Amino acid sequence: MSEFTHQVALVTGGASGIGRATAIAFAKKGAAVVIADLQAIQGQETKKMIIQAGGEALFVQTDVTQIEAVQNLVSQTLRVFGKLNYVCNSAGLQTYGTVESTDETTWDKTFEVGVKSIYLVSKFSVPEIRKQGGGAIVNITSVQGIRSQPNVSAYAASKGAVIALTRSMAMDYAKENIRVNAICPGSIDTPLLRFGAAEHGPLEEVLQDWGAKHPIGRIGKPEEIAETAMFLCSPQASFIHGQSIVVDGGLSIGLL
């Protein structure tokens with residue numbers, strides 16, 4: 001039996017990319033998984049994959065930027081599984097632009113999806129995790145929360161905000177045995193990354209070029225971030241709290 005057996009994990013952005021990989025990883029380790037996403041078809045596919053592998057899963061189509069939708073998400077989680085132990089906030093939105101070229105709508109949407117969603121999901125999840133005597137929350141941010149490339153002002157600012165929010169939550173809930181950490185991935189092979197890469201030129205050439213910027217020589221896999229999330233939720237990480245763990249193939253250690 002795994003330490004996650006008979007536990008319940010909620011994963012936002014769970015229909016694809018890092019979120020999907022994390023949902024599947026939780027299920028493989030014995031947890032019942034709630035998948036929250038706006039993408040209904042992909043979300044149902046993730047649920048089906050988990051159930052076919054012998055796991056338990058629930059998909060709730062959710063706009064995690066809306067308070068009523070998030071309340072419904074947590075209510076559905078409790079209705080089906082009766083409790084909540086872990087949350088992985090993986091919903092995100094890639095946007096480009098300087099402060100001059102980014103319009104107000106794009107700026108607001110970037111922060112709603114990337115930051116407000118974590119606030120809302122945590123707001124209604126923390127009381128349920130507290131009832132279980134503690135648990136863990138993992139916020140997926142980005143290496144661009146601590147470093148930056150050109151032309152990503154809203155995106156980088158939102159990722160930095162998640163790191164600050166993670167620290168604040170960690171301070172607030174440490175005494176209640178609710179550990180809160182963040183993961184800062186480098187370039188990870190997700191639909192979101194591929195969408196952005198296609199804007200810069202021939203897809204495979206851009207992906208190869210981006211991979212070469214990582215000292216390890218490649219972009220990462222969603223499963224590598226998912227395994228980091230599993231570790232941060234596990235008892236083996238019991239003394240890790242309020243940290244932003246960089247998982248970027250060495251991207252952030254260079255001078256350029």
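Me: What does Ser158 touch, not counting residues up to four places away in sequence?
Reply: Ser158 touches Thr110, Phe111 and Val115, where contact means heavy atoms within 4.5 Å. This is a predicted model, in which local features need pLDDT of at least 70 and side-chain atom pairs count only at pLDDT 80 or more, whereas totals for chains, interfaces and linings use all residues. Residues are numbered from 1 along each chain as its sequence is written, and side-chain values use heavy atoms, with hydrogens and water left out.

Me: What angle do helix 4 and helix 5 make, and how far apart are their axes?
Reply: Helix 4 (residues 104-131) and helix 5 (residues 153-173) pack at about 15°, and their axes are 8 Å apart. Helix 4 is therefore roughly parallel to helix 5, a term for angles under 35 degrees. The contact is made from the helix 4 side by residues including Trp107, Gly114, Ile118, Tyr119, Ser122 and Arg130, and from the helix 5 side by residues including Ser153, Tyr155, Ala161, Leu165, Met169 and Tyr173.

Me: How many residues of each class does the contact of helix 4 with helix 5 have?
Reply: By class, this contact of helix 4 with helix 5 has 14 nonpolar, five polar and one charged residues.

Me: What makes strand 5 mostly covered?
Reply: Strand 5 (residues 135-140) has six of its six residues buried. Gly135, Ile137 and Asn139 point one way from the strand, while Ala136, Val138 and Ile140 point the other way, and all are buried.

Me: How many bridges join strand 4 to strand 5, and which way do the two strands run?
Reply: Strand 4 (residues 86-89) is joined to strand 5 by four bridges, and the strands run parallel, where pairing takes at least two bridges found by DSSP. Within this pairing, Tyr86 stands opposite Ala136 in strand 5.

Conventions
Axes are lines fitted to C-alpha atoms, for helices over the stretch in contact, and angles run from 0 to 180 degrees between N-to-C directions. Angles under 35 degrees count as roughly parallel, over 145 as roughly antiparallel, 65 to 115 as roughly perpendicular and the rest as oblique. Ala, Val, Leu, Ile, Met, Phe, Trp, Tyr, Cys and Pro count as nonpolar, Asp, Glu, Lys and Arg as charged, and the others, Gly among them, as polar. Buried means under 20% relative accessible area, exposed over 50%, partly exposed in between (1.4 Å probe, protein chains only).
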